[in-house]
Amino acid sequence: MAGAESLTGFAHFLVGIVINEDPKSKLASDGSPLLERIIGSVRGSIEWFGGLSLLGAQVIRECFRRPFEFGEVIRQVFEIGWRSTPLIILSGLAVGIVLSMHTRATLERFGAAAMIPTALAFALVKETGPLITGLLISGRVGAGIGAELGGMRVTEQIDALESLAVNSFKYLVFTRVVACALCLPLLTIIMDFSGMLGGFIAEAIISGSTLRLYFSQAFGSLAFADFIPATLKTVVFGLIIGGTSSFLGYNATGGAAGVGRAATQSVVFSSVLLILMNVILVKFIAFLFPVAGG
Amino acid sequence: MSEIDAKNAIEFNGVSKSFDKRCVLNNLSFNVKEGTGYVLLGRSGTGKSVTLKLICGLLQPDAGSVKVAGVDITGMDSTALTPVRKQMGFLFQSAALFDSISVGANVAFALKRNTDKSSEEIHQRTQSVLESVGLGKEYDKMPSDLSGGMRKRAGLARALALEPSILLVDEPSAGLDPITSAEIDDLLLHVKQNNTTLVVVTHNIPSARVLGDRLAFLDNGIILAEGTAEELEQSEHQLVRDFMKSKQGG
Ligand SMILES: Nc1ncnc2c1ncn2[C@@H]1O[C@H](COP(=O)(O)OP(=O)(O)O)[C@@H](O)[C@H]1O
Ligand SMILES: [Mg+2]
């Protein structure tokens, strides 16, 4: 597929700046002048985003074409969503405990300790929950998809699917992207709740608050406009994670090393894109829901 | 039906294919008649596997056209290719088994996706195809637990499951002992007698003689020599004559 090559250029470029590791970069080692290299990587980036956008367009088009691959979507929801819940719950609890400790330290100074549950709920629901869920899933699922599809590509299993009259894009990429988009909001809700629960545990130990009091304080001032947009924006996170990692895996080249690269880059790119996209989304939501913001 | 008025199952017209400016196939043209065996010979890296992938639409030619069963498949996308591919079986050089499911599930996959058979019928058909390639006992094994030759045979079973009218096989006897290799030749011959068109890539000259009604020798992106085994033995090219003298399998 076109873009596989430009992808490498962009990969080197981004990997270079993001994780500051540029092993035998084609860009660095071919001895071409700096300007050419910069032009090369800018062109690479544009082509890369072009490829990714084409993939997005193709996913949308496939939504309206048979077969819909329901069975495979459900299987992926299980793999991506259900299997990530332990990770999300555990991280949520830990994040909730830590956040509530910080909030307490801050709010006590102003004599506003009663506000702790509310402050925690806002912090979690509006930003921390969605973002941490996105980053955790881009680690667990992004790497998994990148490696799995990359492995299938280099061992000709994707060709084999095609030879059996299966539309491999639909069967492998479409199903994963859709499953990611469906799972992220659900996992975010789980993250929010376990975060609150973690916060309660910390509070209960320190101040002996009751569960009922804690949750009524926490959700008392939280409006739907705080909760819904912030949770729904993770659909976009899901599309980014599923799309980026599928793109990198589906177009992987170069044997086992290529598969490793696809897995690493899936995590790096999807988390970076997700963080950048978050800025735009927060701005956008603040524009649509002026009161609620973020 | 005589061979002359039989229809072409596969037609290559001036097909060229390059990778990164490296020309692999250069203006290649050939036909394969329905129900016959066509053997592609040539040293490694001469584009035999690429030719098979072009027939299946897994690669697109840079120039020229590929016709399969009378349909011009050049430039077709995956969805458009579906009806053509349903008539085709492909054994990959690497076998390309789905490594996350069992051997039986690999074979059953083709049937599940492309037929309305009940799961009972699918199981029976899978079992009988696996038996025909000598893997009757490996239904529940994972591909990673098979030897290279067994994987090859499992890949062949998967390609045969749908009783394709065109069968593409890439080095079926590579990695097989001489006895199994002869068994596979028998199986392929049997398939051909049921009016399936065979395109076989092989380095095994004895099996090329058995399976090939016509043989083509690829070199440097062109067909250096084409004809029956006897004609290739008399070829003006030393390389082709040497190749045909080889006795060993592989
Ligand atoms: N997908 C691909 N990308 C780049 N080069 C390829 C690809 N497939 C085949 N080639 C190149 O084409 C040439 C012919 O390959 P192949 O058809 O596999 O040879 P063989 O005749 O041994 O089967 C080789 O040089 C190989 O490197
Ligand atoms: Mg080959």
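1. B:Lys67 stands opposite B:Asp72, a residue of strand E5 of chain B. In this predicted model, residues are numbered from 1 along each chain as its sequence is written, chains are lettered from A and ligands numbered from 1 in the order in which they are written, and side-chain values use heavy atoms, with hydrogens and water left out. Local features need pLDDT of at least 70 and side-chain atom pairs count only at pLDDT 80 or more, while totals for chains, interfaces and linings use all residues.

2. E4(B) and E5(B), the latter covering residues 71-72, pair in the antiparallel sense over 2 bridges. Strands (E, at least two residues) and helices (H or I, at least four) are DSSP runs numbered from the N terminus, and two strands pair if DSSP finds at least two bridges between them. The hairpin of E4(B) and E5(B) has 2 residues between the strands, and there B:Ala69 takes a positive phi near 50 degrees.

3. The sheet in chain B. The order of this open sheet of 4 strands is E2-E1-E4-E5, with antiparallel pairing. E2 and E5 of chain B are at the edges with a single partner strand each, so one side of each is left without a neighbour in the sheet. E1(B) and E2(B) run antiparallel and are joined by 8 bridges; B:Phe12 has B:Phe30 of E2(B) as its bridge partner. Strand E1 (residues 8-19) of chain B also runs antiparallel to strand E4 (residues 63-68) of chain B, with 5 bridges between them, and B:Asn13 stands opposite B:Ser65 in E4(B). When reading side-chain directions, note that in a regular strand the side chains alternate between the two faces of the sheet.

4. Ligand 1: the shell. The residues around ligand 1 (a heavy atom within 4 Å of it) include B:Phe19, B:Arg22, B:Val24, B:Arg43, B:Ser44, B:Thr46, B:Gly47, B:Lys48 and B:Gln93. By class the shell has 3 nonpolar, 6 polar and 3 charged residues. Here Ala, Val, Leu, Ile, Met, Phe, Trp, Tyr, Cys and Pro count as nonpolar, Asp, Glu, Lys and Arg as charged, and the others, Gly among them, as polar.

5. Ligand 1: polar contacts (pairs of N or O atoms within 3.5 Å). A polar backbone atom of B:Gly45 is 2.7 Å from an oxygen atom of ligand 1. For B:Ser49, a polar side-chain atom lies 2.7 Å from a ligand oxygen atom. At B:Val50 a backbone N or O atom lies 2.9 Å from an oxygen atom of ligand 1. Taken alone, ligand 1 exposes 560 Å², and the protein buries 63% of that; accessible areas come from the Shrake-Rupley method with a 1.4 Å probe, and for residues only the protein chains shown count as cover. Strand E2 (22-33) and helix H1 (48-55) of chain B are the elements that give two or more residues to the shell. The largest share, 3 residues, comes from H1(B).

6. Chain A overall. Chain A has 11 helices and 0 strands. Of its 294 residues, 49% count as buried, that is, under 20% relative accessible area, with over 50% called exposed and the range in between partly exposed (1.4 Å probe, protein chains only). The accessible surface of chain A is about 13700 Å², and 73% of this belongs to carbon and sulfur atoms. Among chain A contacts (heavy atoms within 4.5 Å) between residues at least 6 apart in sequence, 82% join residues at least 24 apart.

7. Loop positions in chain A to check. The peptide bond from A:Arg66 to A:Pro67 is cis, with omega near -10 degrees; A:Pro67 lies in the loop between helix H3 (34-62) and helix H4 (70-80) of chain A. A:Glu156 is not a glycine but has a positive phi of about 65 degrees. This residue is in the loop between helix H6 (116-154) and H7 of chain A, and A:Glu156 is buried at a relative accessible area of 16%.

8. A:Asn167 and chain B. The loop between helix H7 (157-163) and helix H8 (168-207) of chain A holds A:Asn167. A:Asn167 counts as buried, at 13% relative accessibility. Neighbours within four places in sequence left aside, A:Asn167 is in contact with A:Glu62, A:Glu162, B:Ser78 and B:Thr79.

9. A positive phi in chain B. B:Glu171, a residue other than glycine, has a positive phi near 50 degrees. B:Glu171 is in the loop between strand E7 (166-170) and helix H6 (178-193) of chain B, and is buried with a relative accessible area of 10%.

Methods: Polar contact = N/O pair within 3.5 Å; in protein donor to acceptor, adjacent residues only side chain to side chain.
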